[in-house]
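Got the viewer open and a cartoon view loaded? Let's walk through what to select, one stop at a time.

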There are 4 protein chains.
Amino acid sequence: MLGTHEGRPSYTHRVRVGYVDTDAAGVVHHSQYFRYLEHGRVELMRALEVDYLSFERERSLALPVVEVRMKYRAPARFDDLLDVETWLSEGSRAKLVFTSKLRRVADGVLLHEGSITLACVQMPKGSICSVPADLLAKLRG
Amino acid sequence: MLGTHEGRPSYTHRVRVGYVDTDAAGVVHHSQYFRYLEHGRVELMRALEVDYLSFERERSLALPVVEVRMKYRAPARFDDLLDVETWLSEGSRAKLVFTSKLRRVADGVLLHEGSITLACVQMPKGSICSVPADLLAKLRG
Amino acid sequence: MLGTHEGRPSYTHRVRVGYVDTDAAGVVHHSQYFRYLEHGRVELMRALEVDYLSFERERSLALPVVEVRMKYRAPARFDDLLDVETWLSEGSRAKLVFTSKLRRVADGVLLHEGSITLACVQMPKGSICSVPADLLAKLRG
Amino acid sequence: MLGTHEGRPSYTHRVRVGYVDTDAAGVVHHSQYFRYLEHGRVELMRALEVDYLSFERERSLALPVVEVRMKYRAPARFDDLLDVETWLSEGSRAKLVFTSKLRRVADGVLLHEGSITLACVQMPKGSICSVPADLLAKLRG
């Protein structure tokens with residue numbers, strides 16, 4: 001579902017917690033939030049009609065993760081439905097910072113916040129290049 | 001550690017169960033055994049001086065998994081040390097079947113048995129080709 | 001979406017392939033199909049109004065995986081939509097066998113088939129017990 | 001291997017990159033570093049004779065991750081050997097911050113830096129409690 005966050009387009013993607021996501025403490029293992037946030041970013045781009053595959057295939061660009069900051073507020077559990085809201089919180093030709101807030105659908109409680117910074121690199125060399133202007137424009141809304 | 005199993009070279013690779021490998025039932029999630037078996041196969045090949053990366057890079061071959069059979073005998077838990085013994089149980093120009101037995105180091109109990117069948121494909125097309133004779137020879141011992 | 005397969009209730013669950021699911025060969029890593037099949041089973045049970053959490057919480061039962069058989073027909077790739085159809089192919093008081101067929105939505109091609117056998121155990125001891133009759137009845141349709 | 005970092009005990013744990021850790025860009029997926037860092041922390045505690053399982057079992061304590069910061073400097077690839085050096089960079093009764101530096105063994109290049117903050121909670125309620133003094137003392141050295 002498309003929305004806005006601080007004037008930027010945001011997307012709320014719903015995910016279901018799998019048993020595979022949990023650990024022996026009975027809660028979602030901290031590493032699994034990367035998965036939820038990645039799906040959130042991909043769906044934000046899809047909703048904004050960014051064709052991520054064409055960046056890879058036609059322009060030979062990749063968007064590697066270069067920095068991550070995450071705060072875990074409360075645990076998620078097996079079979080929980082979670083809403084992952086994602087938006088571009090900071091964007092320039094040098095980097096894209098996506099921020100996500102993850103809430104439990106049942107009661108709206110904020111479980112997790114994370115920011116993922118992507119750079120843009122030219123493949124196959126992997127050398128840093130500018131974020132494409134059309135990508136930046138769509139994410140800024 | 002190199003050994004033999006039914007006349008074939010085998011390799012025993014030791015792995016430590018991570019917290020990330022467990023699930024809410026307090027045991028290793030069934031999907032994680034793929035990881036242990038993959039490490040077991042790679043270490044068997046390394047011990048037999050098979051240069052897997054050169055297959056990929058110089059000959060453009062890949063060895064995709066085409067079939068899996070696994071039996072779960074008893075659960076593994078966080079921090080367990082496991083010994084994964086792996087050998088080529090069946091090999092031809094058409095396919096390679098690796099079998100692994102996974103035992104808990106503390107008491108030698110058999111926890112898991114699995115067979116993974118690999119085919120050989122020519123990349124990037126992905127068309128089926130023959131398993132290289134030199135690879136087969138090394139795995140057969 | 002509920003349907004039937006050979007007279008049994010089946011459920012088709014749609015999943016989107018994440019980048020995290022892929023490997024360096026550019027395709028979905030073989031270990032990830034466990035994840036898709038697990039979601040498929042859980043959604044089949046939900047559609048049949050099986051309350052899996054109440055088995056865990058009220059009856060202290062667990063349904064561990066004891067056997068897996070999978071065939072990989074063709075690779076899935078990043079961003080593919082997949083339909084996972086799941087049904088109880090064999091069921092008794094001793095075990096439940098769920099079979100899944102996984103097709104690419106874009107062209108209906110069968111990519112993967114798998115059967116997962118679950119036993120029923122009494123927790124926390126983990127001793128084998130009978131599959132509850134009400135669960136079996138719902139899955140048999 | 002035990003060492004010291006800024007006066008604190010540190011531990012260097014060696015890991016081998018699996019094929020399962022890679023993604024379609026041909027490098028280790030950003031989510032996998034959590035796994036390496038978790039193994040690094042567990043091995044630091046083992047080297048310092050912290051019995052983590054006894055915290056769980058005898059004192060009903062858990063150490064959930066509450067914050068993560070990671071910087072990705074350069075990609076790791078399949079079959080790379082990595083050295084993960086981990087130490088307690090900040091510790092109090094309220095929280096433990098473990099910092100890790102991850103270097104490629106072949107050339108010593110720094111690939112990744114991360115800090116993981118753990119809180120201490122009383123199970124099964126999950127209420128915040130003080131970090132045990134004996135744990136803190138061992139980690140501080």
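Start by selecting Glu67(A) and Lys71(D): the bridge partner of Glu67(A) in E4(D) is Lys71(D). Remember that this is a predicted model, where local features need pLDDT of at least 70, side-chain atom pairs count only at pLDDT 80 or more, and totals for chains, interfaces and linings use all residues. To find your way, residues are numbered from 1 along each chain as its sequence is written, and chains are lettered from A and ligands numbered from 1 in the order in which they are written.

Now widen the selection to residues 65-72 of chain A, which is strand E4. This strand and E4(D) run antiparallel to each other and pair over 5 bridges (strands pair if DSSP finds at least two bridges between them; strands are DSSP runs of E, at least two residues, and helices runs of H or I, at least four, numbered from the N terminus).

Next, show the whole contact: 15 residues from chain D and 15 residues from chain A, counting residues whose C-beta atoms, placed from the backbone, lie within 7 Å. On the chain D side, helix H1 (33-47) and strand E4 (65-72) each supply at least two residues, with E4(D) giving the most, 8 residues.

Last stop: chains B and C. Chain B can be laid on chain C by a turn of 180° and a shift of 0.0 Å along the axis, with an RMSD of 0.0 Å (least squares on C-alpha atoms of residues with pLDDT of at least 70 in both). The two copies are thus related as by a two-fold rotation axis. Pick Arg69(B), the residue of chain B that comes closest to that axis, at 2.3 Å (C-alpha).

How values were computed
Two residues are in contact if their C-beta atoms, placed from the backbone, lie within 7 Å.
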